[in-house]
Amino acid sequence: TLPIRIAPSILAADFARLGQEVKDVTEAGADWIHLDVMDGHFVPNISFGPDVIKALRPYTTATFDCHLMISPADPYLEAFAKAGCDRITVHAEAGVHLHRSLQTIRHLGKKVGVTLNPATPLSILENVLDDIDLILIMSVNPGFGGQKFIPAMADKIRNAKSLIGDRPIELEVDGGVSTDTAELIIAAGANVLVAGSAIFKGESVDAYKQTIGDLRAA
Ligand code: DX5
Ligand code: ZN
């Protein structure tokens, strides 16, 4: 079974000191750095793109876990690969050629992820299970940090876990992950927890460390 990994989302970090934030959260025990890319089209918010990711790359050796909330994604995959993303996750809803997007990420030499909005059924993954390294279950509607975990997603995580079977696919959950919800999320079968506001509401590296430790122990 895959280890529990904590992936702080820097969407909730101080954007004026992003490099230091990435450094701090790495020192605090982050396994992956979760990078939320938003285009103001697929989701109703705009965040940052490949140039910002490239600028952050020297601040940590932690895995860059890139969550693309953009449509179309295909024209930009190479730029995100070159910017230093280790893992690239696309939304199944972001285009009509999901398999092609996954193949492109694979050919770029990066780990391949697919994510589903809360209303999108898991069945869309049935024919790509052998082409992916990660499934990301959105437990809020993407676009903003600080939202509440949607309770119906607990069953979805459980069903995703059984769909994965014994394949070495990471099961990641994003949205409303906190020390209150982490236990239920891990019990449902997830091994990667994304957390934005829960971690970055802390005001010191020690506070980040405490929250990351609590999430991991849940
Ligand atoms: C939402 C993003 C999330 C978000 C999570 O669109 O994909 O990664 O930053 O934020 P919290 O942990 O505050 O719900
Ligand atoms: Zn995300």
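This is a predicted model: local features need pLDDT of at least 70, side-chain atom pairs count only at pLDDT 80 or more; totals for chains, interfaces and linings use all residues.

Q: Which residues does UniProt list under "binding site"?
A: The UniProt record, an unreviewed entry, puts that feature at H34, D36, H67 and D174.

Q: Take D36. Where is it, and is it buried or exposed?
A: D36 lies in strand 2, residues 32-38. It counts as buried because it has 24 C-beta neighbours inside 10 Å, and the cut-off for buried is 20 or more.

Q: And what does D36 touch?
A: Not counting residues up to four places away in sequence, D36 touches S9, L11, S47, H67 and M69.

Q: H67 again! Which strand is H67 in, and what is it in contact with?
A: H67 is in strand 3, residues 63-69. Leaving aside neighbours within four places in sequence, its contacts include H34, D36 and D174, and those three are also on the UniProt "binding site" list.

Q: Why does H67 count as buried?
A: Because 28 other C-beta atoms lie within 10 Å of H67.

Q: Back to D174. What is its bridge partner in strand 8?
A: That's V194. Three bridges join strand 7 (residues 170-174) to strand 8, and the two run parallel. With helix 6 (residues 182-187) between them in the listing, strands 7 and 8 make a right-handed β-α-β unit.

Q: Which other strand is joined to strand 8, and by how many bridges?
A: Strand 1 (residues 5-8) is joined to strand 8 by four bridges, also parallel. There, P8 stands opposite A195.

Q: Are the faces of strand 8 covered or open, then?
A: Both are covered: V192 and V194 are buried on one side, L193 and A195 on the other. In a regular strand, side chains alternate between the two faces of the sheet.

Q: Switching to helix 4. Which of its residues are buried?
A: L98, S101, L102 and I105, in a helix that covers residues 98-107. They span an arc of only 95° around the axis, so they are on the same side of helix 4.

Q: What covers them, and what is on the face turned away?
A: The cover includes helix 3, strand 4 and strand 5. The face turned away carries the exposed residues H99, R100 and H107.

Definitions and conventions
Residues are numbered from 1 along each chain as its sequence is written. Chains are lettered from A and ligands numbered from 1 in the order in which they are written. A residue is buried if 20 or more other C-beta atoms lie within 10 Å of its own, exposed if 12 or fewer, and partly exposed in between; C-beta atoms are placed from the backbone. Two strands pair if DSSP finds at least two bridges between them. A crossover is right-handed if, with the strands pointing away from the viewer, the path from the first strand over the helix to the second runs clockwise. UniProt positions are given in the numbering used here, feature names are shortened, and annotations may be inferred rather than shown by experiment. Two residues are in contact if their C-beta atoms, placed from the backbone, lie within 7 Å. The arc is that of the directions from the helix axis to the C-beta atoms.
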